[in-house]
Amino acid sequence: MLKKLFVLFICSIYINGFAQEKDSLSYKNGISNPSLLATHHFGIFSSRINANFKYLPYKKPRFSIDYSSGNNFHPFVEAHYPKDPEIRERLSQTIWHDRQFTFLDQETTPADYMNILVDAVIKEFRLNFEIPINKRHELTLNFRSYLITKGKYPFSFFTADESIEWFHSNVAGGEDPYGRRYYGLNQVNFRYLDRNGNTLELRQNNFFLGGIELSHYYYPQLAINDSKNIFINFGSHLGLNTSRFNSSMDFGLSANAIKKIDLKNKYELNVALGANVLRKNIVNFKEVIDLGNNSYLGTFETNLEITKYTKKGNYNAFGVNFQAQSRYNKKEEFGYFRLLGKWREINGGWQNGVYTLYSTIQNWNFVYTYGKPNFQFSIYIKEDFEVNNAPDFQTGISIKLPIVK
């Protein structure tokens, strides 16, 4: 009898110890990403959607502070959009940089007109609250704000013009490939005239609240949660844009899926896919700047993260994230616009301010996270290998803490 009790006692210790170790590893809730949204000079004025790669809501409310710094640069470029169908057809037969169109007046050669110049290091600050409703539902509340800067050392060490141009001159890209040196380093030139005659202009140290966002997430209970370690969530998103340039409301929907794979030696692999669609400016509270005539922004995102747990139950995670966002302007205009810029003076990329509005915005993010049960710290770098310069290079950090211990 004593022998049986002893065996049961030893087994209970083993089982309880295993359970405690398992619980200590379970607080990591999916993929640990900060806000990875780009500091795009149009995107900062709208309520874009971050992917949500969590398994379930946290048991207790949490808040996070996110900071990003992105170097945005587009040389001055002008665009005409002829209204005459015959002229549009003629221009569509010619590659974009060889098109010939001379604007005289709106009666003789009717056309829409716009111009844009973007040169700034944009700082983004986000305060985010994650509030569980129950085991399957969660609300998040986000406040986002922006600071326009010249990007001087030491406050923009990696995203400063000097750092980027040093890389171009000494590693890849060639000397001044997009005209930063031509226009001068460490400048703030942010001016945009839309096709309706409205002007958006930002200056050094301009600070503004970009918007407030409310999201609801639903995490359905599915058989594959336990059998396949696959977790799915769905989100609905409402955004209030508060800048004077885009006083409006957005609405969006999202879906995300995460596959968890337990590996040996306290390693864990998470693979995730996410997609969302945002209806911009579903309500305008006053006249707004034309920030792209494509009313919908769709985003596809994929993420791979590997995690190593320490003996104390903390973790280090390394992730690679790819994002692709749909174009800001309608594709058909790409076939007939006429661009004007300093193509002789600038060593490539003179057209990007308009040209990239008709391209899918793609970027890669490389993320490191250190986590404890009551603390999470993340850093990341963002690179756009398509060289859309919106931004060219971006860095960010994030700290997440529970509101109630």
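The charged end of R279 sits over the ring of Y296, 5.6 Å from the ring centre, where a charge counts as over a ring if NZ of Lys or CZ of Arg is within 6 Å of the ring centre and within 35 degrees of the ring normal. This is a predicted model, in which local features need pLDDT of at least 70 and side-chain atom pairs count only at pLDDT 80 or more, while totals for chains, interfaces and linings use all residues. Residues are numbered from 1 along each chain as its sequence is written, and side-chain values use heavy atoms, with hydrogens and water left out.

**Charges and rings**
- K28 also lies over a ring face, that of Y315, at 5.4 Å from the ring centre.

**Aromatic pairs**
- A search of the whole structure finds 22 aromatic pairs, meaning rings of Phe, Tyr and Trp (its six-membered ring) whose centres lie within 6.5 Å, with planes under 30 degrees apart called stacked, over 60 edge-to-face and the rest tilted.
- Y182 and Y183 form an edge-to-face pair, with 5.3 Å centre to centre and 85° between the planes.
- F318 and Y368 form a tilted pair, with 5.1 Å centre to centre and 45° between the planes.
- Ring pairs also link Y81, W96, F334, F337, W350, Y355 and Y358 into a cluster.

- N321 is buried, with a relative accessible area of 0%, where buried means under 20%, exposed over 50% and partly exposed in between (1.4 Å probe, protein chains only).
- Contacts of N321 (heavy atoms within 4.5 Å), not counting residues up to four places away in sequence, include N33, F53, E301 and W364.
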